[in-house]
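Here's a quick tour of a model, starting with its strands and ending at a metal site. Have a look at the sequence and the fold before reading on.

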Amino acid sequence: MQHEIEQLTIMLRRLPGLGPRSAKRVILHLLKKPDSLMTPLADLIAKTADRVVTCHICGNFDVQSPCEICQDSARDRSTICVVEEVDDLWALESTNSYNGLYHVLGGILSPLDGIGPEDLNIPGLLERLSKSHVNELIMALGATVDGQSTAHYITDHLDGTDINITRLSHGVPVGGELDYLDEGTLITALKSRRPVGEDTDKDRQKANL
Ligand SMILES: [Zn+2]
């Protein structure tokens, strides 16, 4: 195989979901359409890499920082939705039913993988909350063990503040990742959000009976 093609295969295999066979299939497809696909795609990737930056407030990707969402005066600045990754933000935005701001953590706490709070945008969130008047913080994290412990970690650090902490409710399957949910499920989950401590309180009540 030619040197360039070999190199391209190695690069493509670093993308999520692309094994050696599918990487080669992608390259073959590109090579067959050099003018209509390969060159425009390469140009677009270079342009995107050159122009897109991370918003220094919320962690969103945009061509400007602060991003369009953070700058939008029509949005409710008293509500911040905490998400794991930017694709979760995209999923929530596509529902057109949320008008607050976001905070992208860039991952979730994972003791097994050695990912602690300092590796994520958690210190940035706590600082942001201490400097702005936020009434509600929505924990839109996946219903996985790590997702929930991340939500608990943040909640614990906001003890004593008057920020109302809620989380997505119905429709988020246990072990479910947010960006895999269909729009309808996501809208329901967003609209029926509830206080984070609610389940714990109910469990305590049950234990007392
Ligand atoms: Zn932003």
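Buried here means under 20% relative accessible area, exposed means over 50%, and partly exposed is in between, with a 1.4 Å probe and protein chains only. This is a predicted model, where local features need pLDDT of at least 70, side-chain atom pairs count only at pLDDT 80 or more, and totals for chains, interfaces and linings use all residues. Residues are numbered from 1 along each chain as its sequence is written, and side-chain values use heavy atoms, with hydrogens and water left out.

Strand S4 (residues 100-104) is largely enclosed by the rest of the structure, because five of its five residues are buried.

The pairings look like this (two strands pair if DSSP finds at least two bridges between them):

| Strands | Sense | Bridges | Facing residues |
|---|---|---|---|
| S3 and S4 | parallel | five | Asp 76 and Gly 100 |
| S3 and S5 | parallel | four | Val 82 and Met 139 |
| S5 and S6 | parallel | four | Leu 137 and Ile 165 |

Now for the metal. Cys 55, Cys 58, Cys 67 and Cys 70 each give an SG donor to the zinc ion, lying 2.3 Å from it; donors are N, O and S atoms within 2.8 Å of the metal (3.2 Å for Na, K and Ca), and water is not among the atoms, so sites may look incomplete. Along the chain the donors are spaced C-x2-C-x8-C-x2-C. Cys 58, in the loop between strands S1 (53-54) and S2 (61-62), and Cys 70, in helix H4 (residues 68-71), are 12 residues apart. Both of these cysteines, Cys 58 and Cys 70, are buried.

Conventions
Helices (H or I, at least four residues) and strands (E, at least two) are DSSP runs, numbered from the N terminus.
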